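Below are some brief notes on the model. Please read them next to the coordinates.

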Amino acid sequence: MQLRKGILFSLVFLGFIKVFAQQELPLNWHLQDKQKDGLPGISLEKTYLELLKDKRSKTLVVAILDSGVDFRHEDLKSVMWTNSKEIPGNNKDDDSNGYVDDIHGWNFIGGPNGNVAYDTYETTRLYAQMRYKFDNADPKKLNSDQKKEYELYTKLKKDVEERRESAQKNLDQILQTEKFISMALDALEVALGDQEMNSANLEKLGAGEETQLMMGLAIAKEVVKDGLVFKNVAEFKQIILSDFVDGKAHYSKELEYAFNPDYDPRKIVGDNYTDFAQRFYGNNDVIGPDASHGTHVAGIVAAQRNNDMGMDGIADNVRIMAVRCVPDGDERDKDVANAIRYAVDNGASVINMSFGKGYSPQKELVDEAIKYAEEKDVLLVHAAGNAASDNDDLDNFPNKNFKKKKLFSCNKVSNWLEVGASSFESGPDIVAGFSNYGKKQVDLFAPGVQIYSTMPNNEYKHEQGTSMASPVVAGVAALLRSYFPELTAKQVRKIILKSTQKQDYDVIHPGTKKTEKFSALSSTGGIVNVYQAVQMASKTKGKKKVKDGGVGPGDVMPTKVAPRS
């Protein structure tokens, strides 16, 4: 779940100006080297040119557990995992794995008659389950166990109702601001006509006492003061008003779906949702209604490199398996657990999970799937979240902590990486202001601001969030496992953590204006660095036995050409 803050009048301009400032940032900034290029990326291009030149790699599978992946994308279709044991379109389970026609993966939030697009948040689902029991309950008549449950119910009810109220207020504010700016720019358009919108032409206009024209001039002058020029006001208006589209859609969906306790899309899937042992449900539509998030994530990991299209992924010899389990809303534990098991059973070596939520009613179910992945030597990479919160104090599920603690045994999974987001800024602004953190719970940071990657229908776009930082680390893990296939998941995890680029200075604490040591925000106090990781991997004796000297069927010698800036 991605959180949006209310759009204030002044922030519209700041966000708008930043859009144009992005154009000066290299599209592959997150792959660059701090010393060589001046940007705090992961040193990938330097790694390919200096450390991996002429080195063979083994093809492996990375599972993207997400909203879906557009496997037809020009930059992804050649790197998609294809189930060679399935015959496409024959409506048979040819490989007898329980999933019919799972050519590029599986969709656990779809059914025979369609797909789940929107779902509620877990908070809403828990509230909806409990309200019929406690809505009219008398707390004085409850026993001790019931009172504990009732306390949770009242907390959930308060949270849902307050969030609905907040969503309505934010939506109203956006609509009012949009109307205000639209009227102001309409007045400016009449006054300026088809003239170019630049500082000189704006200074010639006299606003007089007309309020709307005065505001239109103020808005335009604020934007063009740094030298920006527009063909006319109409061009400017089209761009700035488009900023409101996402906000309106977000809060409208929160009201209609996310915080609506009467909404339940599960009938679309057609499973028995209370049967948590049930595994074989869903459909093979891995694109789904909106694959934007998952497609962006997949491109970061493995978009085809050096093909003169769009952008380059991190790992150059992997196959992307699409496992759809994340709707627009909170994912469900049953689907997450089954998605992990599907990925493991069908050959994934790395699993990326760019999602999270605050409640996990069937956490033990997910824990068992995570343990299964650990037993099968699969590495799990997870986004820390975008609430600028301390994960040591705030629950963010799924996570590496087992719900059931066992005496004299480790209560944390050993194949897990929790990732916060870093920025392209150096110095105190290197941490993304939205990123969650945690000295115990967050392992490391990775670039997650203004990351350019694939979008559905052969498009590309900048996005930001720990959702983008997680696949950066997943891509690094995949690269290591591809070039050093004798390394286990635990070894790769250890190498990634030990090889981070340490930042020993004070940084701005996410969500505040205070500063503290970067080392206080994660267990490693560093940012992922593939160059240092490869150097360490090359000196590490692997614990896995690999046939053919680490080169298997379908393995390739990566094409080496000069990296694109």
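1. A cavity is a set of points, on a 1 Å grid over the protein atoms alone, where a 1.4 Å probe fits but cannot get out. Points are joined across faces, edges and corners, and the volume is the space filled by probe spheres set on them. This is a predicted model, in which local features need pLDDT of at least 70, side-chain atom pairs count only at pLDDT 80 or more, and totals for chains, interfaces and linings use all residues. Residues are numbered from 1 along each chain as its sequence is written, and side-chain values use heavy atoms, with hydrogens and water left out.

2. The structure holds 1 cavity of 30 Å³ or more. The largest cavity has about 50 Å³ of space. Its lining (residues with an atom within 4 Å of a point) includes Glu331, Asp333, Lys357, Lys363, Phe397 and Pro398. Helix H10 (333-345) and helix H11 (363-375) are the elements that give two or more residues to this lining; helices are DSSP runs of H or I, at least four residues, and strands are runs of E, at least two, numbered from the N terminus.

3. Two of the lining residues, Phe397 and Pro398, are joined by a cis peptide bond with omega near -5°. Proline 398 sits in the loop between strand S7 (379-383) and strand S8 (416-422).

4. Aspartate 308 has a positive phi, near 60°. The residue belongs to the loop between helix H9 (292-302) and strand S5 (318-324). Most residues other than glycine have a negative phi, and most peptide bonds are trans.

5. Lysine 494 is part of helix H13 (residues 489-498).

Methods
1 Å grid on protein atoms, 1.4 Å probe; cavity = no way out; pocket = protein on both sides within 12 Å on 5 of 7 lines; lining within 4 Å.
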